[in-house]
Amino acid sequence: MEALLNLLGKYCLGLLWMAVTIWPVISAQAQGSVQNDKAGSSISYILVHPFHTVTGVSHQVSSTLVLGAETDQIQAVQVTVPVKSFDSGNRARDKDMRKTTEADTYQEVTFKSTNLTQTYGSLQVQGQLGFHGVTKDISFEATFQQKNSNLVVKGQFPISLEAYQIKRPSIFKMKVKDELTVKFQMVYPLAKQGN
């Protein structure tokens, strides 16, 4: 009887060891992470003034997309872009933008999803956007499609400059609109997916 109890004890310890050491590996392998292709990816902002509209673009976007290994469902996304990387085609204007957003202090814009709902060709995204030292919950819709071996995700959403504690710049004593539109196109090479 004692020998049987010792055997059962060793068996239970073996199961516990497998649960602690092997299960986390299986769980990690159940998901695949994909890094974006920076050359094909971009984030832009559209700022409206009564006299003209300004668009600034950055291709220095770093993003990680998490896919379910078995279902290929998009499960999570993280995005980071340097504030100083946006180019509006006017150096003086970009310098003013960096000063207004205090880019030396708040160097990055970040986004991290908290919930994703995927339907055919469409994503409902909820997450947290960090900008100018302020983090706020946002939600938006994005589209996605597979082109060759790439997954292309596109979308846009508005943000309030004042909500992120940014003083709206004035031109000819007229301020730009508070609402700034963020547009993005992210390209993820599925062939490079890793576990």
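Helices (H or I, at least four residues) and strands (E, at least two) are DSSP runs, numbered from the N terminus. The protein chain has three helices and 12 strands. This is a predicted model, in which local features need pLDDT of at least 70 and side-chain atom pairs count only at pLDDT 80 or more, while totals for chains, interfaces and linings use all residues. Residues are numbered from 1 along each chain as its sequence is written, and side-chain values use heavy atoms, with hydrogens and water left out.

Of the 195 residues in the protein chain, 34% count as buried, that is, under 20% relative accessible area with a 1.4 Å probe and protein chains only (exposed is over 50%, partly exposed in between). The chain exposes about 12,500 Å², of which carbon and sulfur atoms supply 54%; accessible areas come from the Shrake-Rupley method with a 1.4 Å probe, and for residues only the protein chains shown count as cover. Among contacts (heavy atoms within 4.5 Å) between residues at least 6 apart in sequence, 57% join residues at least 24 apart.

The loop between β5 (74-82) and α3 (91-100) contains Ser85. Ser85 counts as buried because its relative accessibility is 13%. Leaving aside residues up to four places away in sequence, Ser85 touches Val57, Ser58 and Gln60. With Ser58, the side chain of Ser85 makes a polar contact of 2.6 Å; such a contact is a pair of N or O atoms within 3.5 Å, where, within protein, one must be able to donate a hydrogen and the other to accept it, and residues adjacent in sequence count only if both atoms are side-chain atoms.

Helix α3 follows. At its start, a side-chain oxygen of Asn90 lies within 3.1 Å of the backbone nitrogen of Ala92. Just after α3, Glu102 adopts a positive phi of about 50°.

The aromatic rings come next. Rings of Phe, Tyr and Trp (its six-membered ring) pair if their centres lie within 6.5 Å; planes under 30 degrees apart count as stacked, over 60 as edge-to-face and the rest as tilted. By this rule there are six aromatic pairs. The pair of Phe111 and Phe140 is tilted because the planes stand at 55°, with the ring centres 5.6 Å apart. This pair links distant parts of the chain, with Phe111 in strand β6 (residues 108-119) and Phe140 in strand β8 (residues 134-147), 29 residues apart. Phe111 and Phe140 are both buried. Phe157 and Phe184 also form a tilted pair, at 6.4 Å centre to centre and 50° between the planes. Both Phe157 and Phe184 are buried, and Phe111, Phe140, Phe157 and Phe184 form one aromatic cluster.
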